[in-house]
Amino acid sequence: CYHNTEAHHINSRNICCCNGEAVLKGLVVLFVASSSNQISDKSRSMSKASSRRMLSFSWTANMAVAVFALTAGAGIMAPSSVVVEATAMEGDGATTTSTTCEEQQKERELVDHDDHVLSNSSSLYPCTPEFLKDYWYDEPIDGYHILCLSKVNDDNLRLTLYEMGAAANEMVFHDSSSAGTAAGTEEEAPSFSSWDQLKQILEYNLDLTTAEDNYEDFQPWAIFSPEGRRLADGNSQQSNNRNTNADINDKDVTLTRLLENGVGLLYLGGQFLWPGVRVGFERKGVSLYSIMPIGLKEEEDTKNNRNNNGTVTITTLALDPLVVSIEGFLSDDECTHIQNVAEPTMEYSGVVLMDHDEGRPASDFRTSQSTFLQGFQNDPLLLDIDDRVASLTRIPRNHQENVQVLRYGLNEKYDHHTDFFPPEFYQNDPRTLERIAHGRRNRIATVFWYLTTVPQGGETVFPQAFGQEASSFQDCTTGLLVKPERGKVIIFYSLLMTGDTDPNSVHGACPVQEGIKWAANKWIWNEPMMYVS
């Protein structure tokens, strides 16, 4: 019986005739196979690994299994040792294997044992369903993949991929030096005992861009730990130690780093985004000081945790666009300090006009007041917030712009807009085109701070969240509305995990109907911009 026809790979766990329930579930598939003499694996979208496998069952095996299924369904005692014959077709070659139910059961027990090996204590993060449920998505997400790497023994590795972050899209590979096959695809797997070899497997099976594709036009893909530490990227090189008699951990610094972590999150766009998982999901215990990313390296906080060792909970508000919320990111004293520092230089806000809006006043779109806090490099409180933003987003501080502080009075607002710069809309603005390197660079995220609680109005609206559509650029009735609450921070991402711009990240500031709204934000880019050193 070939059950689980929706599977994205074929291995021994998909072919079993010991379980009567599985037989009955696979009965229709088998009768179709009896007439066509073959079953084609369902194509897997957006990957080169799709449509490579075909199972061909002999007529005799089909009839034998069908009879067994009927007898099992009728409650008739069937022999326990049913032989299943399957032919794996690959190109012009074919291999036939025959196994009994007892043999398949033993094989499954070995697979289960391998699964246990994945969660061994030598890795920082266990590749187990209990752990991965905080990173798996219910629906596939373009540009986001999960990988688990473990040592089966001192010389041999096992790789498990969850393509597009979905548990159902599992692919399993064994280093050919030990197992000779990739368990997820039942085909010969090349050795991946080095980072360069592993990188080739990832690029091929996940359809990743390579250095030859033109990294000049977009960011190289990257792998991060589940907590956001950068582990490797498409430009990473293995160490120069070529001692083939050495242990795996002595051969390759990059591979060793991946093995030590056990679980990695791969982003096609090359920058870390907190996996939203599902609306309402809460990621608890995220430390604001444990990770201080600097450039392509990361280091532990060397400032002795200036404020505290506090942790926060990141709550997913929307998936498309990706919006998350963090309560209590700023203290009351910090909110007041930012307002006091900004007050003397506040003035009515400007905008960067698109080609089709040239000549229009900024007040057509935006009626708030604002200022950028520049020249405060020696302000310990602002420096601490910069560090916390870097640690919260897992994106280095030199990717940040200076803090923009905003004030909205009664009825003041900001119409729907995006924070990224679409290059096609700035062809008449050479300064902006140079700033975004014609599309390679762009703002990836906005960290938005609420400095006051607004009694009525003043919400941040994402009109296209949840698949909705606004009736105008001033519409505050659709999508997601986030109420201003003092000390709260939201992060919304302008770029997708693929690195492409997200048109659904359009947002606006609804008119304040009571009170005054003070807020501030940090725009974060996908490359260092040197606004903040």
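The link of Cys-127 and Cys-148 is right-handed, with 80° about the S-S bond. In this predicted model, local features need pLDDT of at least 70 and side-chain atom pairs count only at pLDDT 80 or more, while totals for chains, interfaces and linings use all residues. Residues are numbered from 1 along each chain as its sequence is written, and side-chain values use heavy atoms, with hydrogens and water left out.

The sulfur atoms of Cys-127 and Cys-148 lie 2.0 Å apart, where a disulfide is taken as a pair of cysteine sulfur atoms within 2.5 Å. Cys-127 sits in the loop between helix H4 (101–118) and helix H5 (129–132), and Cys-148 belongs to strand E5 (residues 144–151), so the bond ties together parts that are 21 residues apart in sequence. Helices (H or I, at least four residues) and strands (E, at least two) are DSSP runs, numbered from the N terminus. Both Cys-127 and Cys-148 are buried; buried means under 20% relative accessible area, exposed over 50%, and partly exposed in between, with a 1.4 Å probe and protein chains only.

The search of the whole structure finds 2 disulfides, and Cys-476 and Cys-510 form one of them, with an S to S distance of 2.1 Å. The torsion about the S-S bond of Cys-476 and Cys-510 is about -115°, so this disulfide is left-handed. Distant parts of the chain are linked here: Cys-476 is in the loop between strand E22 (460–462) and strand E23 (480–482), and Cys-510 is in the loop between E25 and strand E26 (512–514), 34 residues apart. Cys-476 is partly exposed, at a relative accessible area of 23%, whereas Cys-510 is buried, at 2%. With the bonded cysteines numbered in sequence order, the pairing reads 1-2, 3-4. Cys-335 is also buried, with a relative accessible area of 0%.

Turning to the chain as a whole, there are 12 helices and 27 strands, and 54% of the 533 residues count as buried. The largest nonpolar core holds 55 residues, and the members that touch the most others are Leu-132, Ile-146, Ile-326, Ile-338, Val-405, Trp-449 and Leu-451. Such a core is a set of buried Ala, Val, Leu, Ile, Met, Phe, Trp, Tyr and Cys residues joined through side-chain atoms within 4.5 Å. A second, separate core of 22 residues includes Leu-147, Leu-161, Phe-192 and Trp-221.

An open sheet is formed by 9 strands in the order E11-E14-E15-E24-E20-E27-E18-E17-E16, with antiparallel pairing; two strands pair if DSSP finds at least two bridges between them. Strand E11 (282–287) and strand E16 (347–348) stand at the edges with a single partner strand each, so one side of each has no neighbour in the sheet. Within this sheet, strand E18 (residues 404–408) and strand E27 (residues 517–525) pair in the antiparallel sense over 5 bridges, and Leu-406 stands opposite Ala-519 in E27.

Helix H9 (residues 253–261) has the buried residues Thr-254, Leu-255, Thr-256, Leu-258, Leu-259 and Asn-261. Its N-terminal end is capped by Asp-252, a side-chain oxygen of which lies 3.1 Å from the backbone nitrogen of Thr-254. Just after H9, Gly-262 takes a positive phi of about 85°.

Conventions. Polar contact = N/O pair within 3.5 Å; in protein donor to acceptor, adjacent residues only side chain to side chain.
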